[in-house]
Amino acid sequence: MTQHLAETSSAPTGTQPGGWWRDAVIYQVYPRSFADSNGDGMGDLEGIRSRLPYLKELGVDAVWLSPFYASPQADAGYDVADYRAIDPMFGTLHDADAVIREAHALGLRIIVDLVPNHCSDQHEWFKQALREGPGTPLRERFHFRPGRGADGELPPNDWESIFGGPAWTRTENPDGTPGEWYLHLFAPEQPDFNWEHPAVHDEFRSILRFWLDLGTDGFRIDVAHGLVKAPGLPDLGRDEQLKLLGNQVLPFFDQDGVHEIYRSWRKVLDEYDGDRIGVAEAWTPSADRTALYLRPDELHQAFNFHYLGTGWDAADLRATIDESLDAMRPVGAPTTWVLSNHDVVRHRTRFGDSLDRARAAALLMLALPGSAYVYQGEELGLPEVTDLPDEVRQDPSFFKENGQDGLRDGCRVPIPWSGTQAPYGFGTGGSWLPQPQEWASLSVEAQSADPSSTLELYRAALRLRRSHPALGAGDAVQWLDAPEGVLAFRRGDFVCTANTTQQPVRMPVPGELLLASGPVTAAGELPADTTVWWQVTSG
């Protein structure tokens, strides 16, 4: 049942000129893995509320909450049964209200996940559509189609699910006979909405207003590129379609029709005070295609997956940075920078299981102009958990073939807060995924007040980023001459140098050292896998 609250909370005051989101550092919380308040082994909203002072001290500007809606949890909450209710495992709508209110009291903003491409097969619309059978009005709100073949036994087209297997599941008619098929680009429990239907548009505008009225500061839009499908749902004509994602426009992804949806949503966002924002999770073939989502009458930010997918290599990073900034500049949108999230291997592990590289990459990211995203636990230097036993895994694609690798659980292990034994302060009743023994030394408690720790590096970097006039918002960097394998750029009286090689590099000292990702012991020498921030005193 949809839950209701009558009152709203106000957003933080002191909105920056040009929009707070242009230089915000946004911290992603994966609710089931952040903090458990009731000892059931699963993180919850009250756990998040209790840890908000930690995020304030860390120095972030906003908190993005992954889904907490009522859901059967077939895909960790990205299968939503009721967009206006909280799943009992996370709490109640009053708990969500308390998170928003306390965050605002601390000067933090709250962004919630919105899942408009698909819902749960337990959503009332879909359940009624199944009950009523072919040709009924509610079926038009989804993609129901007759099958191909003599008896309709084949899927309507050749599209493949992102999680593996066909993107279609056949239904059973009310009389028990084989029925139509329905489209699900993800799990069978996640039927895709038909965004050609006006009722879908009306419903989501209403959902936006529900959460905006509650005080939410914005939305991260899941699968923002997927809402509109090509007319006629044409065959793609090949298998292994997952390999095409992010490489070309597909009949089910990045169709131009999505932009009219976001123009409509922007009008809703602009009805509210306080710079409410929309953030696109849009996998596109290029930064230029991503920029289309950020035209002045559409959304405010988009995740920079091109940067996330770039390795620890100076030449590749420079090319991606330039491409990203160049693409955003014509539409006047801030570039975003991200290293990790709940869907990818943590960047410490991606970069050769190197903490040095992870720290250097973080300092580089936070020096770039625009907005940055921090995924929970990266400020602790957490690695991916790569040895989870099969019996505890919950990623739906783990149980499929020819889909995603199914190993997303490794970046979703609950984070360590304190103590020397699991669950390390996460809660009193264990944790839904097992935590490694070596995480005791990576807990918040273990790293706090240790000037050499990764946590204190992030705290120091975020303090400097907030206070230094050359950091934060912007749309360009001035590249400086640097040895091969080194990035060096200037922003006003600030210089960042990053050595992506495994050997120390000799280069001139550009100014006074502000912060370094690792020890800098010799003048004129930039250590291997190290980023340094400098204050330029002249020139």
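In this predicted model, buried residues make up 60% of the 539 residues in the chain. The secondary structure comes to 12 helices and 20 strands, and the chain is as compact as a globular protein of its length, because its radius of gyration of 23 Å is close to the 24 Å that the globule rule gives for 539 residues.

The overall values of the chain are collected here.

| Property of the chain | Value |
|---|---|
| Radius of gyration | 23 Å |
| Box filled by the C-alpha atoms, along the principal axes | roughly 80 × 50 × 45 Å |
| Buried residues | 60% of the 539 residues |

The largest nonpolar core has 129 residues, of which Y27, L55, W211, Y262 and W533 touch the most other members. When residues up to four places away in sequence are not counted, L55 touches Y27, V29, F34, V60, V63 and L108. Another core, of 16 residues, lies apart from the largest one, and its members include I162, W181, L183 and L244.

Helix α2, residues 93–105, packs against helix α4, residues 198–214, at an angle of about 55 degrees, with their axes 10 Å apart, and the two helices are therefore oblique to each other. On the side of α2 the contact is made by L93, A96, D97 and I100, and on the side of α4 by F210, W211 and L214. These contact residues divide into 6 nonpolar, no polar and 1 charged.

Methods:
Residues are numbered from 1 along each chain as its sequence is written. This is a predicted model: local features need pLDDT of at least 70, side-chain atom pairs count only at pLDDT 80 or more; totals for chains, interfaces and linings use all residues. Side-chain values use heavy atoms; hydrogens and water are left out. Axes are lines fitted to C-alpha atoms, for helices over the stretch in contact, and angles run from 0 to 180 degrees between N-to-C directions. Helices (H or I, at least four residues) and strands (E, at least two) are DSSP runs, numbered from the N terminus. Angles under 35 degrees count as roughly parallel, over 145 as roughly antiparallel, 65 to 115 as roughly perpendicular and the rest as oblique. Contact means heavy atoms within 4.5 Å. Ala, Val, Leu, Ile, Met, Phe, Trp, Tyr, Cys and Pro count as nonpolar, Asp, Glu, Lys and Arg as charged, and the others, Gly among them, as polar. A nonpolar core is a set of buried Ala, Val, Leu, Ile, Met, Phe, Trp, Tyr and Cys residues joined through side-chain atoms within 4.5 Å. Buried means under 20% relative accessible area, exposed over 50%, partly exposed in between (1.4 Å probe, protein chains only). The radius of gyration is taken over C-alpha atoms; the globule rule is 2.2 Å times the number of residues to the power 0.38.
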